[in-house]
Amino acid sequence: MSSEHATEQTFIAIKPDGVQRGLIGPIITRFEQRGFKLVAIKLTTPGKEHLQAHYADLSDKAFFAGLIEYMNSGPICAMVWEGRDAVKTGRTILGATNPLASAPGTIRGDYAIDVGRNVCHGSDTVENAQKEIALWFKEGEAVSYKAAQYGWVYEK
């Protein structure tokens, strides 16, 4: 195992548009097929205060109120995925924030058109992933286990 590639966790959320469009299965499949391990998942309607905390860094943006309203409009599928370089690779699997700039083969490139309906959220840094996981999942909700496929995904 090369030491520069650490096993880490990332927070991925399927937004209300993705849930309503029946994309939970295909999105989970993308991460599983890549070799990442699902360690936590729940379908939730967290409420405005929770969403305001999650998007606190965007609170000064003109679109903030609309973003909170949209994210509060239906259930969200919150997940924690684990694997080598999970944050960076997870963002690559999702594609660019603006779906029109996302490559075909990415989740947003295949399933989205408008930035305001871009299907998923993914942590952008390891530090933000840790904060987001702590916000969305209580201590002990993430499961620790060795996946049977581990040796087929990683050399060591």
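## Loops, pockets and rings: a working chat

User: Hi! Let's start with Asp 85: where is it found?

Analyst: Hello! Asp 85 is found in the loop between E3 and H5. Keep in mind as we go that this is a predicted model.

User: Noted. What is the phi of Asp 85?

Analyst: Asp 85 has a positive phi of about 50 degrees, although the residue is not a glycine. For background, most residues other than glycine have a negative phi.

User: And is Asp 85 buried or exposed?

Analyst: Asp 85 counts as buried, because its relative accessibility is 19% and the cut-off for buried is under 20%.

User: Which residue other than glycine has a phi near 75 degrees?

Analyst: That one is Val 119, where phi is positive too. Val 119 is found in the loop between H6 and E4. At 0% relative accessibility, Val 119 counts as buried.

User: Back to the helix, then. Which residues of H5 are buried?

Analyst: In H5, which covers residues 86-94, the buried ones are Ala 86, Val 87, Thr 89, Gly 90, Ile 93 and Leu 94. As a general point, an α-helix has 3.6 residues a turn, so residues three or four places apart point the same way.

User: What do the buried residues of H5 pack against?

Analyst: Their partners are strands E1 (7-14), E3 (76-84) and E4, together with helices H2 (24-34), H6 (107-111) and H7. Just after H5 comes Gly 95, with a positive phi of about 95 degrees.

User: How do the residues of the lining divide into nonpolar, polar and charged?

Analyst: For the largest pocket, 10 are nonpolar, 7 are polar and 8 are charged.

User: Let me zoom in on His 54. Is it buried or exposed?

Analyst: His 54 is buried, as its relative accessible area is 8%. This histidine is found in helix H3. Setting aside residues up to four places away in sequence, His 54 touches Phe 11, His 121, Glu 132, Leu 135 and Trp 136. His 121 is also among the residues closest to the centre of the largest pocket.

User: Nice link. What lines the second largest pocket?

Analyst: That pocket, with about 190 Å³ of space, is lined by Gln 9, Gln 130, Ile 133, Ala 134, Phe 137, Lys 138, Glu 139, Gly 140, Glu 141 and Ala 142. H7 supplies the largest share of this lining, 3 residues. By type, the lining has 4 nonpolar, 3 polar and 3 charged residues.

User: Which residues is Ile 41 in contact with?

Analyst: Leaving out neighbours within four places in sequence, Ile 41 is in contact with Ile 28, Cys 77, Ala 78, Met 79 and Phe 137. Ile 41 is found in strand E2, residues 37-44. With a relative accessible area of 41%, Ile 41 is partly exposed. Its C-alpha atom is separated by 20 Å from that of Thr 125, which is 84 residues apart from Ile 41 along the chain.

User: Last topic, rings. How many aromatic pairs are there?

Analyst: The count comes to 4 aromatic pairs. One of them joins Tyr 150 and Tyr 154, with 4.9 Å from centre to centre and 40 degrees between the planes.

User: What is the relative accessible area of Tyr 150?

Analyst: For Tyr 150 the value is 28%, so this tyrosine is partly exposed. Tyr 154 counts as buried, at 13% relative accessibility.

User: And which residues form one aromatic cluster?

Analyst: Phe 31, Phe 36 and Trp 81 form that cluster.

Technical notes. Residues numbered from 1 in each chain as written. Predicted model: local features only at pLDDT ≥ 70, side-chain atom pairs only at ≥ 80, totals over all residues. Heavy atoms only, no water. 1 Å grid on protein atoms, 1.4 Å probe; cavity = no way out; pocket = protein on both sides within 12 Å on 5 of 7 lines; lining within 4 Å. Nonpolar A, V, L, I, M, F, W, Y, C, P; charged D, E, K, R; others polar. Points joined across faces, edges and corners; volume = space filled by probe spheres on them. Helix = DSSP H or I, 4+ residues; strand = E, 2+ residues; numbered from the N terminus. Phe/Tyr/Trp six-rings, centres within 6.5 Å; stacked < 30°, edge-to-face > 60°. Buried < 20%, exposed > 50% of the residue type's maximum accessible area, 1.4 Å probe, protein only. Contact = heavy atoms within 4.5 Å.
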